[in-house]
Amino acid sequence: MAPKKPTPTPSPAAAPPSANRSQHTSASATPSKPSASHSKTQPPPSTTSNSTSTTAPRLAQQINALTNTKTATALSKSAPRSVQEAQQILAEMWNSYVDKTAQRVKLLDTFMGFLVLVGVLQFVYCVIVGNYPFNAFLAGFSATVGQFVLTASLRMQTNPENEKEFRGTSDER
């Protein structure tokens, strides 16, 4: 076989500037191939890089564990306080309602609670048993919702705190 003649490369001065850029980028982009004898006898990577690659995930796991422990500790310390604060707020609201609300308004609130309970029971019955006579369910549920709305309107009119808005309306109406 005849040996191949090497192709002459153009000088950088003879080529336009854009060609020079492409030659340099293509030359730097192609990696050099190591010799076969060198690739078989490569020394193992240094221990510092190997330990760093295994230490980093361990360190990340330890940081996550500490963070989760601190978060859990903070939540466990704050949870009882927030529960106690919530109970205290609810107790204050209930005491204020009992002390400051008129007897008529309390009676209307009780009736409205009963209407909510009846509406929920009708809906649950419809879901569990079925809604074969759908018009019966629709009539009962809409009557309950309508009664609730009318009672809420009556509650607003009879509430002593709303006397300014309903001056011409008597409580007995």
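This is a predicted model: local features need pLDDT of at least 70, side-chain atom pairs count only at pLDDT 80 or more; totals for chains, interfaces and linings use all residues.
Residues are numbered from 1 along each chain as its sequence is written, and side-chain values use heavy atoms, with hydrogens and water left out.

Visitor: How far does helix α4 reach from its first C-alpha to its last?
Guide: Helices here are DSSP runs of H or I with at least four residues, numbered from the N terminus, as strands are runs of E with at least two. Helix α4 covers residues 103-129, which makes 27 residues. The expected span is 1.5 Å times one less than the number of residues, and against an expected 39 Å the helix comes close, with a reach of 39 Å.

Visitor: Which residue follows α4?
Guide: The residue after α4 has a positive phi, near 125 degrees. That residue is G130.

Visitor: Is F137 buried or exposed?
Guide: Buried means under 20% relative accessible area, exposed over 50% and partly exposed in between, using a 1.4 Å probe and protein chains only. F134, at 40% relative accessibility, counts as partly exposed. F137 has a relative accessibility of 17%, so F137 counts as buried.

Visitor: Why is the pair of F134 and F137 called tilted?
Guide: Rings of Phe, Tyr and Trp (its six-membered ring) pair if their centres lie within 6.5 Å, with planes under 30 degrees apart counted as stacked, over 60 as edge-to-face and the rest as tilted. The structure holds 4 aromatic pairs. The ring centres of F134 and F137 are 6.0 Å apart, and because their planes stand at 45 degrees the pair is tilted.
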